[in-house]
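Biologist: Hi! Could you walk me through this structure in plain words?
Modeller: Happy to, let's open it up together.

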Amino acid sequence: MPKPQDDMIRGTLDMLILRVLSLEPMHGWGISERIQQMSDAALQVNQGSLYASLHRLTRQGWVKSEWRVTQNNRRARYYILTRAGERQLGVESDQWAKLSDAVDRVMGLA
Amino acid sequence: MRWVSDILFRLRAIFARSAMERDLEDEFAFHLERETEKHIARGMDPDEAVRLARIGFGGEERFKEGARESWGVTALTDLGSDLRFAARQLLKNPAFSSLAALTLALGIGGTVALFSVVNGLMLRPLPFPEEDRVMSFWMDYNWRGEEFDLVKDVPESFESIAAYSSLGYTLRTEAGSTLVRTLVASVELWDVLGVAPSLGRTFLPGEDRPGAEEVVVLGHGIWQREFGGDPDVVGRRIRFDGVPHTVVGVMPEGFYFPTPEWDAYVPLDLDPADGAYANNGWLVLLGRLRPGASEAGIDRDLSAIAAVLDERYDYSTRWDKTRDPYVIPVREYLLGDVRPAILLLFATVGLLLLMSCVNVTALILTKTVDRTREMSVRAALGAGRARLARQVLTESILLGLVSGVLGMALATGLFDVLVASLPIDPAFRTSLGVDWITLLSALVLAVVAGSAIALAPIRNLLRGELSEGALTRRSGGNGLHAGRMQRALVVAEVLLAVVLVTGAALLVRTVEQLRALDPGLDPEGVMTVGVVVSEDETTEAERRVFFQRLLERTEALPGVTAAGYINRLPLRDGGYQGSVTIEGRPDLEGVNRPNAMYRPVSPGTFEALGVEVRQGRGIEPTDIAGSPLVAVVNETFARTVWGDENPIGRRYTTGFVGTVEVVGVVADVAVADLVGAQPMTGFYAWDQAQAGTGSGILLAKTTGLATSLAAPIRALVAELEPRAAVGGVQTMEEAMEGEMAEPLRLRFFLGLFSALGLVLGTVGVYGVVSYSVHRRRTEFGIRMALGAEPGTLLGTVIRQGMVPVVLGVVGGAAVALLASRTLSGFLFGVEPTDPLSLASAAGSLLAAGVAAALLPAWRASTTDPAVALRSD
């Protein structure tokens, strides 16, 4: 069992959350599962700190949340990307592309 | 719009916090459930699945805290919990809290009330532009019209110079007669003041010269009161002092000159053909400086004015105007020099504020030492020192704010008493008040004082003996370290109290000395009423009849034993003096002519005032117009002029009456001032000197309360002469107290403050001694068990408690000796270093110290060894 990865590159968690939510509204647990899944288990989200990020994103108005009933008939808080969040996702993925491109270049990988 | 959602979110985090906490809880629970299900679905044992889910999730509380922090309101909620905690702490100890809050409130309230006075008096501008350019000319002797015309165009540094004098006029309206304070002024007044009217105009050039139409400019107050604010009043003819005047203008609201009591302005009549123009000195000169006028320029102007006057007049050496010419700022001229009294009171209130801070600090220190255990536990549970310090600070600032609010309430209540205790022209008192600036300053003061009292406890906290306190049991030692700072505070407190009490004692002695002075009259039961009748509206015969009948009817009032007239109120009104020529004394002529006060009195006046006739007779009913002119002189007059020779039958000439024969000598009456040598005074027969004029002061002595005469006399005046007005109704005792008002009121204030100082000092000593007794309970228990006498313990505790008191008294006496010199201007007949005052201050503090130590010492001596040893 891989130990949960604590030190995800700072700031990228927010971007990943926005990305996941751009597919569909999702609750906290689902988001962390989806990130693992999409990264082929390479990225492990620290599950506790996920919520601090979600609440901060809510406060910033990039996501909103509402309580819904899941398929298994249980109450869960779903997070939904807002229009502002969509724009923010665009900004952040652009920045990320530039950064990773630059890092690749330095590392001689590009 | 993102900031909107941000704010809404944060508001929710504050006001719907419990809902958010619940959501967080539910969210985490859901997460753990799903995680557990996931593990079970992979075939794991359910218990193991739960465990793994928890491990995967991490420390729940820590993450909750992390989530809460992301809500962005941490700083606020911390402050909230600090405040709640602080409030709980204060409420837990109501006795401590109310004592501390009241103490601080007194300091803050006193300071704030004083600040409002200073703000109103020294900082609030006079109601005309650039008041610093307006100067009053020297006036040791008032100016004559002719002198004014001679000098008004001489100075180059002044834009313009005006002359004015104040008079009381009666104004006739439909409702009756009103006494209106009226300023008569040359037309330049409005240029000097630089204020434009809100309606109409002011004076035109030439309106202060003979032959001009009679005009009047109304103040805003009388315009509202008597004319209902009618804008058509301009151009109206009103009867003013019996003569029709045309209203030409109304001054704007808020304008006043020289004080808010003045309500109307009429031009002077500067007529060289009139004898008064060249002879009567009754004007005040006021000038407006050109912008940028220099000191040197003003000095040149003053010399030039003196030169012009010197060339024109041969002044008697006694009132030589050319001797010492000067100008003073109009503010100083109008308000007088209130700085010494204000500074003195400020120093007093400052001391009191300092004492209250010291006292509360000592109280809080006692408490924080008691709370060492609580603090240690909180530190052990992970509260940082900074966090604890912030808690202490929050507590004291909260205390400060509570005191601040109390203090504001006190300040508004104290304000009138305070204003009355300052030597301010009563007319200005109405313009003083507590405003929002002062209330704001109370708030600032509250926070500053609150922070100041937190300093010592925080210092103790940061020096840190927290863990020690938590682990060790309270020992039998006397807690030297914790006690040292409090002892130092008690020393400081006692020192300040000694200084305050010494000041109060000095003023008490001053009032005693003033009371001991003999005013030469008996004020008890004497009522005084000023009566004015317009001389233009009535004939001389009418006036004589009116004043005579008023006197007769007053004498007939129940309880009245004597009544009479005089022209100036004894102890109050100076002035009305002139030179006298003594028959057969060529050595007392020319520049050596003596000056004597002029006081016409009617036959009952001496009796009403209780003035003693020492030789010859007083003024009798037979001294009427047409019979030989008589005078009664005071002892100073008789002694100065005739020495040991018999003054009866001597003759002299006064400009007011003519040549008179001295028929009697009376004791020296305090005609104008209580303090100082009484001037030469001549009393003349009212009927021969003053009757027929339009004004007099009626004096009536009653066996009952003087004030009971006010209403009946007013009614008599209204009944006998509707055209007469009454002004200046006061008892003779009020007039006399007024003379002592300043030391009396200062004494009241210093007395109040030093009483508070005593209380504070006592509380401080009590706090320290009882705290140390409390800490040493075990020790006392052991000593009692070993056979110590209760009396010995009592003595020990009192002795130890008195050490800081004695140190404070010694220090305070030294400081008081140095500082009391600042009081010397307010003292009379007492040296600032008066040993009696100092000794009484020191004695009262020592007594207070013993009293404060007594109760805890008695408690120590009655300690039950069994209880003391068993307790922690």
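**A chat about chains A and B**

Modeller: Let's start in chain A, where three strands make an open sheet in the order β1-β3-β2, with antiparallel pairing. Keep in mind that this is a predicted model.

Biologist: Which strands stand at the edges of that sheet?
Modeller: Those are β1 (26–27) and β2 (63–69) of chain A. Each has a single partner strand, so one side of each has no neighbour in the sheet.

Biologist: And how many bridges join β2(A) to β3(A)?
Modeller: Seven, and the two strands run antiparallel.

Biologist: Nice, found it. What lies across the sheet strands?
Modeller: That's α1(A), which lies across β1, β2 and β3 of chain A. Its direction is at about 100° to β3(A).

Biologist: Okay, helices now. At what angle do α1 and α3 of chain A pack?
Modeller: First, a bit of background: two packed helices are described by the angle between their axes and the distance between the axes. Here, helix α1 (residues 12–21) of chain A packs with α3(A) at about 70°, and the axes are 10 Å apart. Angles of 65 to 115 degrees count as roughly perpendicular, so α1(A) is roughly perpendicular to α3(A).

Biologist: Which residues make that contact?
Modeller: From α1(A) you have A:L13, A:D14 and A:I17, and from α3(A) there are A:S53, A:L54 and A:L57. Sorted by class, this contact has four nonpolar residues, one polar and one charged.

Biologist: Switching topic: how many residues does each chain give where A and B touch?
Modeller: Chain A gives 21 residues and chain B gives 22. On the chain A side, the elements giving two or more residues are α2 (28–38), α3 (47–59) and β3 (75–81).

Biologist: Which one gives the most?
Modeller: α3(A) does, with nine residues.

Biologist: Last one: what can you tell me about chain B itself?
Modeller: Chain B has 30 helices and 22 strands. Of its 872 residues, 41% are buried. Looking at contacts in chain B with a separation of 6 or more, 85% are between residues 24 or more positions apart.

Conventions. Residues numbered from 1 in each chain as written. Chains lettered and ligands numbered in written order. Predicted model: local features only at pLDDT ≥ 70, side-chain atom pairs only at ≥ 80, totals over all residues. Helix = DSSP H or I, 4+ residues; strand = E, 2+ residues; numbered from the N terminus. Buried ≥ 20, exposed ≤ 12 C-beta atoms within 10 Å, placed from the backbone. Contact = placed C-beta atoms within 7 Å. Axes fitted to C-alpha atoms, helices over the stretch in contact; angles between N-to-C directions. Parallel < 35°, antiparallel > 145°, perpendicular 65-115°, else oblique. Nonpolar A, V, L, I, M, F, W, Y, C, P; charged D, E, K, R; others polar. Pairing = 2+ DSSP bridges.
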